[in-house]
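These are my notebook entries on one protein chain. I looked up its fold first, then its core, then a loop position.

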Amino acid sequence: MSIEKKYLKTKNICKVTFHLPVGGAGGAATAFLVGEFNDWAMHSLPMKRLKDGSFKLTIDLPIGNAYQFRYLLDDDRWENDWSADSYCYSEYGNCENSVVEV
């Protein structure tokens with residue numbers, strides 16, 4: 001798993017690419033990026049499945065913030081990102097959420 005950040009010089013925006021490799025996807029047919037940046041809407045940010053079975057998605061995030069997020073695989077399995085900037089306890093379950101800081 002990886003998170004790549006590209007800060008724009010002319011705007012207070014960071015282009016963040018989330019990459020879920022084949023091993024992290026565990027054979028999933030679908031993957032969605034779900035987090036504070038989309039009000040935890042489960043299906044608003046579908047990730048593109050690549051030929052090798054991994055998933056990728058790039059979104060614009062306002063800088064100066066930290067966002068909790070997780071990956072939703074096949075609508076029934078939640079995964080964190082192993083390369084997240086940090087993790088925090090979820091107030092909605094017995095788990096942790098990944099955190100990306102921009």
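**Fold and overall form**

I read the order of elements along the sequence as β-β-α-β-β-β-β-β-β-β, with helices (H or I, at least four residues) and strands (E, at least two) taken as DSSP runs numbered from the N terminus. The model is predicted: local features need pLDDT of at least 70, side-chain atom pairs count only at pLDDT 80 or more, and totals for chains, interfaces and linings use all residues. Residues are numbered from 1 along each chain as its sequence is written, and side-chain values use heavy atoms, without hydrogens and water.

I noted that the C-alpha trace spans about 40 × 35 × 20 Å along its principal axes. Of the 102 residues, 42% count as buried (under 20% relative accessible area, 1.4 Å probe, protein chains only).

**Core**

I next examined the largest nonpolar core, which has 23 residues; such a core is a set of buried Ala, Val, Leu, Ile, Met, Phe, Trp, Tyr and Cys residues joined through side-chain atoms within 4.5 Å. Phe18, Leu20, Leu33, Phe37, Met47, Tyr71 and Val100 touch the most other members. Strands 2 (13–20), 3 (31–35), 5 (55–62) and 6 (66–73) each supply at least two residues of this core.

Leaving aside neighbours within four places in sequence, I found Phe18 in contact with residues including Ile3, Leu33, Met47, Ile59 and Val100 (contact: heavy atoms within 4.5 Å).

**Loop position**

I located Pro21 in the loop between strand 2 and helix 1 (22–25). Beyond its neighbours within four places in sequence, Pro21 is in contact with Met1 and Ser54. The C-alpha atoms of Pro21 and Ala31 are separated by 11 Å.

Technical notes
Buried means under 20% relative accessible area, exposed over 50%, partly exposed in between (1.4 Å probe, protein chains only).
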